[in-house]
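Student: I would like to learn how to read the features of a model such as this one. Please give the general idea each time, then the case at hand.

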Amino acid sequence: TVVNHAPPTPSPASRPAILLAAGMLALLTLAAYAPALHGPFLFDDASAILENPTIRQLWPIDGALHPPPNSTVSGRPLLNLSFALSHALSGLDPFGYHVFNLAVHVLAGLLLFGLVRQTLLAPLQRERFERWALPVSVTVAAVWLLHPVQTASVTYISQRSEVMMGFFFLLALYAYARSALSEPAWFWSTVAVMSGLLAAMAKEVAMTLPFAALLYDRAFLSGSFAETWKKRPRLLILLTLTWLVTASQVLTLKQHGVGLGLGKSPISYLFDECEVIVRYLGLALWPNPLVFDYGENLGFTAAKLVVLLYAVELLSSHTVRARAWTWRVAAGFLGLVALRG
């Protein structure tokens, strides 16, 4: 008789351990941001909240879903509706608005925690990462929730657009993963599409969601683009149709919301974005110096422009080429997420 003394296969963390980890993440984030809850209204908060007549009345809801033009809330009905809700609960006391921002940020972090854990327990990764699923997902979520570069989006009330868009973006990806890994698939597919629509109604950058879902599926669920399209064509098409919402929102922006209200040409704004991408990738690695308002004029020279364009092109091309090597697919997905920012 041969006795097998091999160690038992590790099992996923128990529900109490998962709940404990989630509670710890929430408490740490609340403790970190608690001093900022009494901050005043600043900059764009004036047009978005103090001077915005459409948030004075929550019902009928149609009024709150039609924000005024030429302000931070233009083309973002869900953002405007959230301000109407905050106004109904706390009037013009900024404390209530800060609590809302922080609560959504915490929920988004918990979604990221669940998404990372779900990803590491997916069939393609389970054998290698099952043992580490809980500690890795906690670490990733903690870094994301507490990273200093998040400070402006959480504490600057008008940046609620970023917080809400991020929440629904992560919810859509989480639901996408659940639709592929659990039953019933139709329920989670519906949640993914509805979340994509809500993300688009919060901020236009949500239009990158179909690309993120496609590359996420290829990298962590299916193993190839052909298999991804074979298994989930309808869901990918429906996510892509959320672009119609984004397009309709952009058409209402006129001269505001994409930098053109600052007197910049589209080309000038594009160059600004190249610097923003490179700058914030650097701040993600080393968050110093952090400045609340970097100003409007970034001061380009020809040499600086060439360096910035090359940096963005390098990141883009490596993101695309990464799909050719299995071990680099995850890096390609991270590259896409970085460009989305």
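Student: Which residues have the most contacts inside the largest nonpolar core?

Tutor: In soluble globular proteins, nonpolar side chains tend to be buried together. A nonpolar core is a set of buried Ala, Val, Leu, Ile, Met, Phe, Trp, Tyr and Cys residues joined through side-chain atoms within 4.5 Å. Buried means under 20% relative accessible area, exposed over 50%, and partly exposed in between, with a 1.4 Å probe and protein chains only. Here the largest such core has 53 residues, and Ile-49, Phe-83 and Tyr-176 have the most contacts inside it. At least two core residues come from each of the helices H2 (45–50), H4 (77–90), H5 (94–120), H9 (160–181), H10 (185–202), H11 (209–222) and H13 (233–240). H9 gives the most, 14 residues. Helices are DSSP runs of H or I with at least four residues, strands are E runs of at least two, and both are numbered from the N terminus.

Student: On what kind of model do these values rest?

Tutor: This is a predicted model, in which local features need pLDDT of at least 70 and side-chain atom pairs count only at pLDDT 80 or more, while totals for chains, interfaces and linings use all residues. Residues are numbered from 1 along each chain as its sequence is written, and side-chain values use heavy atoms, with hydrogens and water left out.

Student: Is H5 largely enclosed or open?

Tutor: H5 is largely enclosed by the rest of the structure, because 20 of its 27 residues are buried. The expected span of a helix is 1.5 Å times one less than its number of residues. For the 27 residues of H5 this gives 39 Å, which agrees with the 39 Å between its end C-alpha atoms.

Student: Is Ser-86 buried or exposed?

Tutor: Ser-86, in helix H4, counts as buried because its relative accessibility is 3%. Apart from residues up to four places away in sequence, Ser-86 touches Gly-91, Tyr-97, Phe-100 and Arg-160.

Student: How many salt bridges does the structure hold?

Tutor: Side chains of opposite charge can pair when their charged atoms come close. A salt bridge is a side-chain nitrogen of Lys or Arg within 4 Å of a carboxyl oxygen of Asp or Glu. The structure holds five. One of them joins Glu-204 to Arg-76, with the closest N and O atoms 2.9 Å apart. This pair links distant parts of the chain, 128 residues apart: Glu-204 is in the loop between H10 and H11, and Arg-76 in the loop between H3 and H4. Both Glu-204 and Arg-76 are buried.

Student: What does the bridge between Glu-162 and Lys-203 tie together?

Tutor: The closest N and O atoms of Glu-162 and Lys-203 are 2.3 Å apart. Glu-162 lies in helix H9 and Lys-203 in the loop between H10 and H11, so the bridge ties together parts 41 residues apart in sequence. Glu-162 is partly exposed, at 29% relative accessible area, whereas Lys-203 is buried, at 15%.

Technical notes
Contact means heavy atoms within 4.5 Å.
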